[in-house]
Amino acid sequence: DYTDTNIECLGAEHTYGPHSLMKHTREVILRIAVRHSDMKALNIFAKEIAPSATAMAPGITGSIASRPRAIPYVLFRSCLISKSSVFPTIFIGDLPPRILNVQIPTGVSSVPEPDTKIPEETHTTGKTIRLPLITLCYGRSGDKGDSANIGIIARELRFYPFLRRCLTETVVKDYLSHLVMGQVKRYELPGVCAFNFVCTSALGGGGLSSLRIDRQGKCLAQMLLSLELDVPIEWESSVLQRHAKL
């Protein structure tokens, strides 16, 4: 009657889901995490998991120093509050607190539209070669509660319009569907030839409330960079030559 469970085989590209290339792994670390409303139930689990080296399947050996310890379930929630209700205060040693009188502007200031022009796709013969996204992009990802941000930056300006057309929200959602339970929203940053993909309900609760090994989404960008796209064959030589140096 656990409220949530998570079993991961570390060393078998478990987090890659259907995209794992490790089909014949012979050595892994088994990671089991559970959640329960009663601390006593978790203590029973901790006692039962310790002797797994002698009582479970053949070929298992223990790798933990002691029994796992049950910890409180911390649930993260974000909310918006008015700036006018926040009073910046400075505390220095034993001196009396000093409240800063900060003027809070009202209304919403207008932001001019960027004048960055997105280049058109270069003309190609139409022939393609299938290459992983890492040959065209850099990537970095992280968490915002239970949401994850995946930043993708084109390695060259000529790649950006191609990526704008091919690396859509639907493509990213389908590729990460085993992890992202919510929606994927793409934001364009043409000034730096980049995209920011915001993935909601992507971290199993996020932070301390997640049972996943990658509870902060730090591996999502690297995972997405393994996505293969049909790239113009004219790019093959220069792209693969650079990729060989990575």
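**A walk through the predicted chain**

The chain carries 28 positive and 23 negative charges, and their mean positions are 4 Å apart. Lys and Arg count as positive, Asp and Glu as negative, while His and the chain ends are not counted. Each charge is placed at NZ of Lys, CZ of Arg, CG of Asp or CD of Glu.

This is a predicted model: local features need pLDDT of at least 70, side-chain atom pairs count only at pLDDT 80 or more, and totals for chains, interfaces and linings use all residues. Residues are numbered from 1 along each chain as its sequence is written, and side-chain values use heavy atoms, with hydrogens and water left out.

Now the overall form. The chain has 6 helices and 10 strands (DSSP runs numbered from the N terminus: helices are H or I with at least four residues, strands are E with at least two). Its radius of gyration is 24 Å, well over the 18 Å that the globule rule gives for 246 residues, so the chain is more spread out than a compact globule. That radius is taken over C-alpha atoms, and the rule is 2.2 Å times the number of residues to the power 0.38. Along the principal axes, the C-alpha atoms fill a box of roughly 65 × 65 × 35 Å.

Next, burial. Of the 246 residues, 28% are buried (under 20% relative accessible area, with a 1.4 Å probe and protein chains only). Take contacts (heavy atoms within 4.5 Å) between residues at least 6 apart in sequence: 62% of them join residues at least 24 apart.

Turn to the aromatic rings. A pair of aromatic rings is described by the distance of the centres and the angle of the planes. The whole structure holds 5 aromatic pairs. Rings of Phe, Tyr and Trp (its six-membered ring) pair if their centres lie within 6.5 Å; planes under 30 degrees apart count as stacked, over 60 as edge-to-face and the rest as tilted.

Tyr-160 and Phe-195 are stacked, because their ring centres are 4.7 Å apart and their planes at 10 degrees. Tyr-160 lies in helix H3 (residues 159–166) and Phe-195 in strand S9 (residues 194–199), so the pair ties together parts 35 residues apart in sequence. Both Tyr-160 and Phe-195 are buried.

Phe-162 and Trp-235 form an edge-to-face pair, 5.4 Å centre to centre, with 80 degrees between the planes. Phe-162 lies in helix H3, and Trp-235 in the loop between strand S10 (228–232) and helix H6 (236–243), so this pair ties together parts 73 residues apart in sequence. Phe-162 is buried at 2% relative accessibility. Trp-235 is buried too, at 4%.

How values were computed. Buried < 20%, exposed > 50% of the residue type's maximum accessible area, 1.4 Å probe, protein only.
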